[in-house]
Amino acid sequence: MFENILFFISSFLVLGGATMVVLSKNLMHACIFLLFTLFGVAGLYLTLGADFLAAAQLVVYAGGVVILMLFGIMLTGGTENKENRFGIEKIPGMGSVKTYIVAGVSILFIATVVLKIIANYMRHYQQTDLPEYMTTVERIGHSLLTDHILAFEISSILLLGALIGAAMIARPRKS
Amino acid sequence: MSSTNLDVFMPVIILIALAIIMFVGAIGVVGKLLRPHKPTPLKETPYECGEAPVGSAWSNFNVRFYVVSLIFIIFDVEGALMFPVAAVFKDFVAIGAGGVVLGSLLLFILILASGLVYCWKKGDLDWVKSFQLSEDQLKKLNEVEAR
Amino acid sequence: MVTLGSYLFLSFALFVAGLAVIIARKNIIAMLLGIELMLNAAALNFVAYTRFVNSNIDGHIMALFIIVIAAAEAAVGLAIVIRFFQLRESIHIDDAAQLQN
Amino acid sequence: MNNTIVSYLSQFEGHQKFLAVASEFLGFDVTALVGFVIFFTACFILVNVAAAIGGLGTYAERKISADIQMRQGPNRVGPYGLLQFLADGVKMILKEDVVPAQADKFLFNIAPLLALSGVFATLAVLPLSSGFILTDLNIGIFYLLGVGSVVGVAIFVGGYASNSKWSLLGGMRGASQIISYEVPVTMSIISIVLLSGGMSLVTVTESQGGLPHQWFILHNPFTFIGFFVMFIGTLAEANRAPFDLPEAESELVSGYHTEYTGMKFAFFALAEYAEVFVLCGIVSALYLGGYKVPMDLGNGVFFVENLGLPAVIGKNIGQLLQLGAFFTKTFLLYYVVIWIRWTLPRMRVDDLMTLCWKYLTPISLFNLIGCAIWVYFFENQSMWSVIFKAGAAGAGHH
Amino acid sequence: MDYTISSIAPIVLLPFFAFAINAFIVKRFTKLAVFISCAAILGSFGFAYNIFCDFMTVYSADYHIHKTFNWFNLSHGNLNFKVDMGIYIDNMSAVMLLMVTGAASLIHIFSTYYMKEDVRYGRFFVYLSLFTSAMLGLVLSDNLLSVFIFWELMGFCSYSLIGFYYEKEGAGNASIKAFMTTRVGDVFFLFGILAIWSIVGNVTFVDIYKTIAAGGFDGAMALGIPLATVAAFSIFMGTVGKSAQVPLQVWLPDAMWGPTPCSALIHAATMVAAGVYLSLRCYPLMEVGNLTTAIAYIGGITAFGAATIALVQTDIKAVLAYSTISQLGYMVLGVGVGSYNAAFMHLITHAVFKACLFLSAGSVIHSLHDHHTHGHVQEMPRMGGLRKKMPYTFIAMLLCTFAIAGVPLFSGFVSKDRILGDALLAAGYSKSFIIPAALGFGGALLTAFYMFRMMFLTFFGEPRDKELYDHTKEEKISWNRNVPLLILAVFTLGVFYSGSLTGQKIVKVFPKDSIEWFKTLIVEPKVEKFQNYQSEPFAWTDTRNKTRFERTKYDPTYGLPQEEYDHVHHVHLIGAGMSVLIVILGVGMAAMMYLLRLWNPGWWVNTFARFYRALQNKYYFDDMYVKGLIKKGLLPLNNLLAAIDMGIYDRYAIDGWQYVVRKIYLVSKWFDNIMVDTVAVDGTGASVRLMNIVLRTLQSGRVQFYFIIIIFLLTFSSYIFNQNF
């Protein structure tokens, strides 16, 4: 019962949030709606029994990525004059009717194919008895230290690379 | 490994719902009935210590905020990866595989700490970059002061 | 009844929303938001399959690494955007079409 | 099995009987319904308690500051001015809700809500006692970090939406400060998780003892340093002095909530005070033994077996003792927080960042490595037992 | 001898670790880095030799080592979707390993001489180590996915090494050209992997063979084309890109901008051979896909066309580059006509003599130092008479020239003439193979001619640039200059590979059976053999029972009935006779023109001026790609496409249409002109041009446009490959 309620709340958040991310005219609003969507996805993780992932989603996205995005918007978005020295509008449009039409056509194209594949898959899919919800922290920990230890270590190198690279790119320069 | 019923997450939802109810109730329902509503243009200008505000506040910001949040997010992700490992560390020590786990954990931390060291060396962690004055500049400064 | 299909549909909806954002928007940061949506869709798929199809933990690990990569991607992507903005005072995607100058 | 307040209550016979009777009467299984009702009631009580604590926090703040500055403080409303916060609340709700004309209305309205729900959601895992914990999630601390970080977004959004320079500065500062100090806090928490072998707050608390030398703060030298790192970090995360830069009234008027009036302002304030309470509780649970009562009185076995009290009463007495222990420690920390605010001057923003990135973060990383090595070499014994054993071994040799 | 993973893995890991270490220390400790690289490859050679010895001891055509582990598994129900990774060594890979490590070792040693004075001496070895480990990884791979990974890694190394002298503009351009051209093939390759994955559910070679044997490819269609053909074609396009076949051959001559040792290793001996190696591994797939005729045509055209271009080149490395393309064409022709063993043998023999030729050319170039421009001289017209100055290089180069030209008793004769014999045989069975066979023989004539032209121009006659000649030092034998050359030159003798002259029994120089190890051990993969095949888990210990592999006996008739065999032998004998005649003819013509100076080459140039110009401009391929397409042709076309782009994307449909119609008129006019002009020399231009048009269109620089295309293609391919739901 609670699972279903949680699922519906979460999917409402996901669908509504994602729709608003697509449609909202204000980038700041889009970012906040993205936050809601991410909360929704965290809720969906909970319904799937992935408690650790749900929390990780909150920690990394709500705490990190969204704030990063907000900072990025603040660093680039707000300015008084609408044109820069190249004569281009500084605050880019959030899309026009034309681009939305292109997007819609692409989506229709993909939807016809992918939904067909999903439907086909679901037709052949037999739901078996689902296992009990198990806590995942210990299993993830064990898995990270045994099967996926290489990925664990490499991810640290990835993060190091991202840190150094991004810091180098974004570092304020004098000129 | 214990099995969980999802019901344990119910309080979270209830608490958030309560927060929303409280917010809406206090601002949208009760407050609306009780509080006055007499907007004037002056009241609705942003407060700037009595001066009339010039322009919008939404202007470009210093990139230092971004660099800080960038370093943060990397460490945040590191934390997210290290939590489950830390949680099972004791089990591994108990079965005698602690050495390997300790090694990999230390490697993980050290690799990321080297990123911190890099940023430190390059001055990304300095909020205000200190500029060393050259000797000529110091001389000029002293001359100016002497005058 | 919540089945695998519902999750697949939700994840597809997320993916499509991200796709729409990327195609329709001309703002690079907005496009980054779209990429986050798409990455989330992929992670959701992994976790859903873990729950419904085979219950080993690998899907969760995969989703965890997707989160890691999303964070790294956001960091580097935004750094590039900010640098680009410093150079060209614009974050319009079509301004980024030139390789030089 | 995860502890929740429902599972705690369901161990009593009365609960089972009530379930049986009610099910028979209503004709369907009421277990889920009763669980929901219990949860809802408990949440409602806890929220009100938190709100009261938040309100009383403002009162305590004024009273203590007055004490420190040799003033009277509020003393008109109620005995010793105790009801001042209620009067403030009434005043707040009667104030006009002013929204700046240029503000981003949607974000302006949603920011206090985000802050409030972020803080309230953290209450779910607050380990008041071993039984009276709303829910003991496996991912307790991690969940707390995640939900708590929403407050940072809320502060940023609130500052941005006001479209006022002061607010924006405050919001930017607040967000960057909160995220910066999350790094040392996270590292300290990870070192505690290493020691306790679990992220659930009950697990963490249970792996400590009731007496100070069994607490994690005195477990080994690294955790001793870690406690201070964590405490400083929580001060900064809650925007408390000396880290109250986002709302530095002498520079930024009132920081990110300059433009907020009435109840929205009240909710921001409530969120802040409640967050201080939650964070103090978490620090006490992580380092100061949380709800643990000396001599294991807390689990009630003593009362049931030695004093012959009925199980219901004995266990609940134990719970009340635990509750007392928890609140004592938490309020002590709360007092220290207020004390610090009125003692230390505010830091400069560059000093703040230097402290975080150049002192606390390296120290906390060092602590983490130290704890890991400690766990590996001393097999998780506390330093007292290590010293005692070394002494005993030395004595044995001679 | 018994060995485990721990004696296989170091083959790849040693060079890789050398790379990983050197990448960090190369700036400070250049000499140490060079030493580490050389030591690593020598160690790798030791391990490879070990394995080779083991395979020789067992001496069984079926002997193989296959260890896999499951990388990830997405199977559900009866749907099979997984990726296994592992090591697969059979006789072919064992020989290949020995060849790669051996050639690479010698080239490493030679590089310590050649690159000594270079500014980026150390960095060269870093790239070499990475490249070698990638190549060895490719040889050891048991599945297409890891082949693809190593393939790309090699592509990257090749890119870095071609652009090694990045301060020269030509080098930078050449590296980009090589990278982009091979990318075309790689995209096809990836597509092919997807196609195979969608049918087989796995990407290991063994699973592909099993599926073929079980008839899994029958009836699988995608858009009306058999999926097997799609897959085989896509994978063969990978070969075309990597092995520089028509029409993607343009990158290889430009790759000579790199240092000569890297040309020897990468663009002659190993990496380009990897494409052919892949085709050989996927040989059953090519058969199922009915692609052999097309392959034979491509191989024949490449072999002949590249040889004609080589006739007029004056740069010594360019001659060798075109001869490489030509010889690769022979290998592909061998794949096409079903001459599996001979194609692989030619791969090996070619690697040896071509590595030696390039190193010798490097040795020549390095000692010719122009004091005016302070650069090395590569132009043959300024050489001549160098025989006396550098006798050891001359000997090595002469032996290799004998080999490549197909002089009897040398390795090139043995391998190439078996391919030609098989081509002749195939032409006898089916008329469609007549043209490839003829092209092959024609190419052989030209090969003999241009190789001896090169020899005569370089080493014989009077020195044409007296000053240069006088400045050249006398060659003294040294361990890192001549020894590698001479070792390689020794292995150009045919006796190491086969005892016969025609590849058949009767004309036997060395009648001992055991000398036919190459033909005995390396046999075409028969898919039926793999049906009940089980791979072993990826473990560090070896659990195989080696005795179950019986020693294979040399079968003089190759399992054919006597009558048929007689026919085969007859045809091969004719082929061998023709080859010998052709060699004599070619060498004779070269001698007449360049040694004895009886015929004036200028007369030929004047008589066939138009053809000569076409040759000098490499059949206008580069012009087609660069000038004709981009500058002249694509500018109006580009406007048109931009207009289409804008019309779809930004403008209203009616304006766009008007624009389109106007531009179509321009395009058709342009098309007529160009077609009339160039069709005489180039038939394949049109298809190439079409491809380039597509590529050019995509280069609008608009990220979102790229994105839409990616998404559409992804959706399209998922639609195609999901037919089996």
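**View 1. E:L347 sits in helix α15 of chain E.** This is a predicted model. Helix α15 covers residues 340–367 of chain E. E:L347 has 28 other C-beta atoms within 10 Å. A residue counts as buried when 20 or more such atoms lie within 10 Å, so E:L347 is buried. Which residues touch E:L347, once its neighbours within four places in sequence are left aside? They are E:A273, E:V276, E:Y277 and E:M331. Look also for E:Y330, which lies 17 residues from E:L347 along the chain. The C-alpha atoms of E:L347 and E:Y330 are 9.2 Å apart.

**View 2. Chain E holds both helices and strands.** Its secondary structure comes to 28 helices and seven strands. The chain has 725 residues, and 51% of them count as buried. Now take the contacts in chain E with a separation of 6 or more. Of these, 79% are between residues 24 or more positions apart.

**View 3. Chain D has 15 helices and zero strands.** Buried residues make up 56% of its 398 residues. Its C-alpha atoms fill a box of roughly 70 × 70 × 40 Å along the principal axes. How does the radius of gyration of chain D agree with that of a compact globule? Chain D has 23 Å. A compact globule with 398 residues would have a radius of gyration near 21 Å, so the value for chain D agrees. Consider next the contacts in chain D between residues at least 6 apart in sequence. Among these, 78% join residues at least 24 apart.

**View 4. Chain B meets chain D.** Here 61 residues of chain B are in contact with 73 residues of chain D. Which elements of chain B give two or more residues to this side? They are α1, α2 (63–94) and α3 (98–122) of chain B. The residues on the side of chain B that touches chain D divide into 43 nonpolar, nine polar and nine charged. The next two views follow α1(B).

**View 5. Helix α1 of chain B packs with helix α3 of chain D.** From α1(B) come B:M10, B:P11, B:I14, B:L15 and B:L18. They meet D:F36, D:F39, D:F40, D:C43, D:F44 and D:V47 in α3(D). How many residues of each class does this contact have? There are 11 nonpolar residues, no polar ones and no charged ones.

**View 6. Helix α1 of chain B also packs with helix α5 of chain D.** Helix α5 covers residues 105–122 of chain D. The angle between α1(B) and α5(D) is about 145°, and their axes are 8 Å apart. α1(B) passes α5(D) in a right-handed crossing. On the α1(B) side, the contact is made by B:V12, B:L15, B:I16, B:L18, B:A19, B:I20 and B:F23. On the α5(D) side are D:P112, D:L113, D:L116, D:S117, D:F120 and D:A121. By class, this contact has 12 nonpolar residues, one polar and no charged.

Note on methods: Residues numbered from 1 in each chain as written. Chains lettered and ligands numbered in written order. Predicted model: local features only at pLDDT ≥ 70, side-chain atom pairs only at ≥ 80, totals over all residues. Axes fitted to C-alpha atoms, helices over the stretch in contact; angles between N-to-C directions. Helix = DSSP H or I, 4+ residues; strand = E, 2+ residues; numbered from the N terminus. Contact = placed C-beta atoms within 7 Å. Nonpolar A, V, L, I, M, F, W, Y, C, P; charged D, E, K, R; others polar. Rg over C-alpha atoms; globule rule 2.2 N^0.38 Å. Buried ≥ 20, exposed ≤ 12 C-beta atoms within 10 Å, placed from the backbone. Left-handed = near helix turned anticlockwise from the far one by under 90°.
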